[in-house]
Amino acid sequence: MSGETDLKTLLESLHPVVRDGDYVYALWPHGRPLEGAIEAAVREAEGLTVVLHRDEADKLGLGYDFVAAWITLQVHSALEAVGLTAAVSAALTHAGISCNVLAGFHHDHLLVPSSDADRALEVLRLLARGVVLRSERPEDRPAILELTARAFSVSPVTGEPVEGTPIEVRLLRELFDCREYIPDFSIVAEIGGEIVGHAISTRGRVGDLDLIALGPIGVLPPFQRRGVGSALMRETAARAVAAGEPGIALLGSPVYYPRFGYVPATSLGVEPPEAAWGDHFQLLALPGWPDDVHGTFRYAEPFNTL
């Protein structure tokens with residue numbers, strides 16, 4: 001059976017699966033006969049590199065540094081297929097996940113840091129649907145502003161068409177230029193190279209505690225309810241955890257956002273800037289959330305002029 005070569009078909013058929021346990025790279029001692037359950041090996045001028053289960057490496061007394069999850073792309077890719085490795089590597093790179101690729105006769109195999117396994121699976125599943133998440137670049141801004149205008153052409157509050165330019169467009173333009181702007185938390189979603197979604201988070205505070213504030217988040221109408229917004233939400237949370245941020249605040253539906261772990265901010269001791277917001281003002285407490293937080297949340301300056 002020959003392997004698939006069409007890149008679009010390959011990406012749509014990735015079906016990533018994680019093997020059980022952790023795997024490591026180790027340098028095999030020179031002159032020592034091979035033994036144990038070695039999964040892969042590469043001979044170089046400097047010596048023989050082996051890949052094996054972490055437990056096996058410990059049993060054999062081999063040293064290692066990089067501890068990885070082993071992800072197999074179940075699609076049968078031809079060895080001469082062009083673009084698959086580049087597409088997968090680029091998607092994981094945009095997510096800040098290191099990746100080592102092993103090509104087998106039937107499948108490609110990815111070794112990513114064990115701590116990033118779940119996130120890598122999410123990135124690969126999005127890629128199979130044609131979605132790539134990455135940080136915003138300055139040249140993206142005209143497309144992002146146009147996207148935002150279209151995403152908010154119908155008011156999320158009233159459900160009625162908006163006359164003129166939605167206020168979210170002006171807000172976003174000012175957030176790009178304010179001191180609370182955080183480049184790594186301005187994230188775009190692409191499908192086929194077209195920007196179809198965007199989420200921005202800026203610096204906010206409760207007393208002396210720095211948090212991030214999520215929003216606005218917009219998705220082009222034809223791509224709404226297809227998981228793009230959810231992907232942007234999860235990517236924001238993953239980046240916040242990696243950056244050591246203690247929590248994320250947002251103003252939104254108390255019915256929709258709890259599925260992502262958000263709770264009324266007042267339950268965590270944080271009051272909304274406007275008391276009338278009530279349970280619509282929510283917080284996602286991350287691993288660094290401190291005890292005894294009390295105070296009123298302060299957004300980036302552009303929010304104060306809405």
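When the whole structure is searched, one cavity of 30 Å³ or more turns up, a cavity being, on a 1 Å grid over the protein atoms alone, a set of points where a 1.4 Å probe fits but cannot get out. Before I go on, please keep in mind that this is a predicted model, in which local features need pLDDT of at least 70 and side-chain atom pairs count only at pLDDT 80 or more, while totals for chains, interfaces and linings use all residues. Residues are numbered from 1 along each chain as its sequence is written, and side-chain values use heavy atoms, with hydrogens and water left out.

Of the 56 residues in the largest nonpolar core, Leu133, Ile248, Tyr262, Val270 and Phe297 touch the most other members, a nonpolar core being a set of buried Ala, Val, Leu, Ile, Met, Phe, Trp, Tyr and Cys residues joined through side-chain atoms within 4.5 Å. Buried means under 20% relative accessible area, exposed over 50%, and partly exposed in between, with a 1.4 Å probe and protein chains only. Strand S9 gives the largest share of this core, seven residues. Apart from it lies another core, of 24 residues, among them Leu14, Val112, Ala120 and Ala128. As general background, nonpolar side chains in soluble globular proteins tend to be buried together. Leaving aside neighbours within four places in sequence, Leu133 is in contact (heavy atoms within 4.5 Å) with His94, Leu126, Ile187, Val188, Ala189, Ala231, Leu232 and Glu235.

In helix H3 (residues 84-94), the buried residues are Leu84, Ala87, Val88, Ala91 and Leu92. They lie on the same side of H3 because they cover an arc of only 125° around the axis, the arc being that of the directions from the helix axis to the C-beta atoms. On the other side of H3, Ala86 and Thr93 are exposed, and H3 is followed by Gly96, whose phi is positive, near 75°.

In helix H5 (residues 141-151), Ile144, Leu145, Leu147, Thr148 and Ala151 are buried. These residues cover an arc of only 160° around the axis, and they are therefore on the same side of H5. What do the buried residues of H5 pack against? Their partners are helix H6 (167-177), strand S9 (181-191), strand S10 (194-206) and strand S11 (209-219).

Now the largest pocket, which has a volume of about 1,600 Å³; a pocket is an open set of grid points with protein on both sides within 12 Å along at least five of seven lines. Of the 45 residues that line the largest pocket, the closest to its centre are Phe152, Pro156, Ile217, Leu251 and Tyr257. S11 gives the largest share of this lining, six residues, and by class the lining has 27 nonpolar, 12 polar and six charged residues.

Finally, some backbone details. A cis peptide bond joins Gly215 and Pro216, with omega about 0°, and Pro216 has its place in strand S11. Arg225, in the loop between S11 and H7, has a phi near 60°, a positive value in a residue other than glycine, and Arg225 counts as exposed because its relative accessibility is 83%. Asp292 likewise is not a glycine and has a positive phi of about 55°; Asp292 counts as exposed, at 70% relative accessibility.

Definitions and conventions. Helices (H or I, at least four residues) and strands (E, at least two) are DSSP runs, numbered from the N terminus. On a 1 Å grid over the protein atoms alone, a cavity is a set of points where a 1.4 Å probe fits but cannot get out, and a pocket is an open set with protein on both sides within 12 Å along at least five of seven lines; lining residues have an atom within 4 Å of a point. Grid points are joined across faces, edges and corners, and a volume is the space filled by probe spheres set on the points. Ala, Val, Leu, Ile, Met, Phe, Trp, Tyr, Cys and Pro count as nonpolar, Asp, Glu, Lys and Arg as charged, and the others, Gly among them, as polar.
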